[in-house]
Amino acid sequence: MGRFYITTPIYYVNDAPHVGHAYCTVNADAMARWHRLIGDETKFLTGTDEHGQKVADAAAKHDMSARDWTDRTSARFQEAWDALDISYDDFIRTTEPRHYESVQKFLTAIYENGYIYKDVYKGLYCVSCEDYFTPEASVGGNCPIHGRPLIEMEEENWFFRLSAFEDRLLEHYAEHPSFVTPETKRNEAYSFIKGGLRDISITRTSIAWGVPVPWDENHVFYVWYDALINYLTAIGYGRDDDEVAKWWPNSHHLIGKEIIRFHCVWWPAMCMAAGLEPVSHVQVHGWLLIGGQKLSKTMAAEGELRLSDIAPVMLTNLFGVDPIRYYLLRETSLGNDGEFSLEGITQRYNTDLANNLGNLVARVTAVVNSKCAGAGPAPRPDSALRADAERAIHETAEAWSDFAPQRALEATWGLIGATNAYLELHAPWKMEPGPEVDAVLGDALEAIRLVAILTTPAMPRVCEEIWRRIGLGGSPCESTFDQSATWGQYPGGVTVHRGDPLFPRIKSDA
Ligand code: MSP
């Protein structure tokens, strides 16, 4: 049995969650569920990033104290994740006392190790990014990401000696070729380090909404600098060394592509400076786009996009939880950008879910009822479907373990397609009841049992329902994958239930 610690970025609470955040969280959730299924001891962390100028501005705009505002908005993220069946083990808020404690201990360790010093910082700042840009990186004085004017800032700050870690970071990348995946994103981070690192300012005096610097009470830590440490707070950094030792060597951060520099350059250097190994692995994903534009809360606030139209809860109300999870996992290969559209969801729903999976379960349960008096027959050890099933098991498992949900689902849907073709070929609905019908249906039921196991990280609810319909007790994730995902375990002689369509077709103009 292994261990698996997976994290999402912690989301800014300047506004409500949208489907872009759901994309990242659902992917992390499916991976956590996969690792639980294979028997790994798993910890899944998500949460909210509550300090910084952007959040303070949002609270002021709503005439609320920062604390009340963050309480309210953080709760909206939890509601969205509940609506999406997100199985997080811990939800961290950076305003919690445990986080203050870990941040202060971690940064004091860096300070005492001599990697923090005081200087004056002058630069161009984007409040939306909570980040400085060089004049060359700005686009006509505007932020290259948000297109908003950059502000001239001058502050006396504490600095982190990032430049001291160039060589050690390059060595780390050379020694750990899979530190950042996919490779294109790894190369991006590597070139950034190769291009030379400048020290970074890590404290602010201009705002009070942050974690106080323990050795200088006029300063709070810069929001990014406290935020990254959340991954350690949640495993007890500074409070429980055994927990850190247990989880940190098995840690995986899932992040969006615009925050590579923070996670793949700053963060490993910060860990090194504090005397800790860096996170084991960073998996980068692309963006969901609408008409080629990234969904962002900042754009919504400016009226450019109506993100309230694509709140995760609205989507689950419209299409159901599992179809939305499926769409987010299946549509785009993790690492690439993907176009989000309601038409796209409808199409995936009708094709993959209604026509392929839903139809398979419906026709098999119906024919078992009409030809076998509702008792599901056992599969044959030498079924022609067995090779398809074994290929799907192997490829699906490999893909989930490779952080490739799209590929995993494609492989599983290969088995659904093969089973539907097998049924077309034998047409049990045209046969007289008897051993031949039993054999074909037993094979199909076994394929469905396997599909329910393989798909459970993506669509946990539907898989439970399929399990029940084919007459099995417990749930598809009750036994570990190794024990349950082998051909021939469908017991036979159990009562198969017909039910309403699992995925009633949606008219494409819906
Ligand atoms: N608070 C920081 C992260 C700190 S982690 C120590 C932050 N927050 S965020 O709310 O702006 O974004 C969080 C994550 O959501 C990022 O990984 C980002 O890529 C992801 N997404 C936001 N919009 C997205 C899309 N439109 N598509 C896919 N993911 C997107 O950055």
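Below are my entries, one topic at a time.

**Ground rules.** I am working with a predicted model, where local features need pLDDT of at least 70, side-chain atom pairs count only at pLDDT 80 or more, and totals for chains, interfaces and linings use all residues. Residues are numbered from 1 along each chain as its sequence is written, and side-chain values use heavy atoms, with hydrogens and water left out.

**Ligand shell.** The shell holds 26 residues, and the closest are I10, D49, G256, E258 and L288. I sorted the shell by class: 14 are nonpolar, eight polar and four charged. For that sorting, Ala, Val, Leu, Ile, Met, Phe, Trp, Tyr, Cys and Pro are nonpolar, Asp, Glu, Lys and Arg are charged, and the others, Gly among them, are polar.

Which elements supply at least two shell residues each? I get β2 (11-12), α1 (19-37), α7 (223-227), α8 (230-233) and β13 (251-256). The largest share, three residues, comes from α1. My element names are DSSP runs numbered from the N terminus, with helices being H or I of at least four residues and strands being E of at least two.

E258 uses a polar side-chain atom, 2.9 Å from a ligand oxygen atom. Y12 brings a backbone N or O atom to 3.2 Å from an oxygen atom of the ligand. G20 also uses a backbone N or O atom, in this case 3.3 Å from a ligand nitrogen atom. On its own the ligand has 660 Å² of accessible area, and the protein covers 96% of that. Those areas come from the Shrake-Rupley method with a 1.4 Å probe; for residues, only the protein chains shown count as cover.

**Four-stranded sheet.** Next I traced an open sheet of four strands, with the order β6-β5-β7-β9 and antiparallel pairing. Here two strands pair if DSSP finds at least two bridges between them. The edges are β6 and β9 (200-201), each pairing on one side only. I count ten bridges between β5 (residues 116-126) and β7 (residues 151-160), with Y117 opposite F159. F159 also stands opposite S201 in β9, where β7 and β9 pair over two bridges.

Which residue takes a positive phi in the hairpin of β5 and β6? It is E130, near 55 degrees, in a hairpin with four residues between the strands. I noted that E130 is not a glycine. My second stop was the cis peptide bond joining T181 and P182, with omega about -5 degrees. P182 belongs to the loop between β8 (180-181) and α6 (183-194).

**Three-stranded sheet.** I found an open sheet of three strands too, ordered β10-β12-β11 and antiparallel. Its edge strands are β10 (203-204) and β11 (212-213). Two bridges join β11 to β12 (residues 216-221), and V213 has D216 as its bridge partner.

**Cavity check.** How many cavities of 30 Å³ or more are there? I get one, and the largest cavity has a volume of about 40 Å³. By cavity I mean a set of points, on a 1 Å grid over the protein atoms alone, where a 1.4 Å probe fits but cannot get out; lining residues have an atom within 4 Å of a point. Points are joined across faces, edges and corners, and the volume is the space filled by probe spheres set on them.

The lining is Y23, L288, Y327, L328, E331, T332, G338 and E339. I see α13 (321-330) and β17 (338-339) supplying at least two residues each. By class, that lining has four nonpolar, two polar and two charged residues. L288 turns up in this lining and is also among the closest residues to the ligand.

Notes
On a 1 Å grid over the protein atoms alone, a cavity is a set of points where a 1.4 Å probe fits but cannot get out, and a pocket is an open set with protein on both sides within 12 Å along at least five of seven lines; lining residues have an atom within 4 Å of a point. A residue is near a molecule or strand if one of its heavy atoms lies within 4 Å of it. A polar contact is a pair of N or O atoms within 3.5 Å; within protein, one must be able to donate a hydrogen and the other to accept it, and residues adjacent in sequence count only if both atoms are side-chain atoms.
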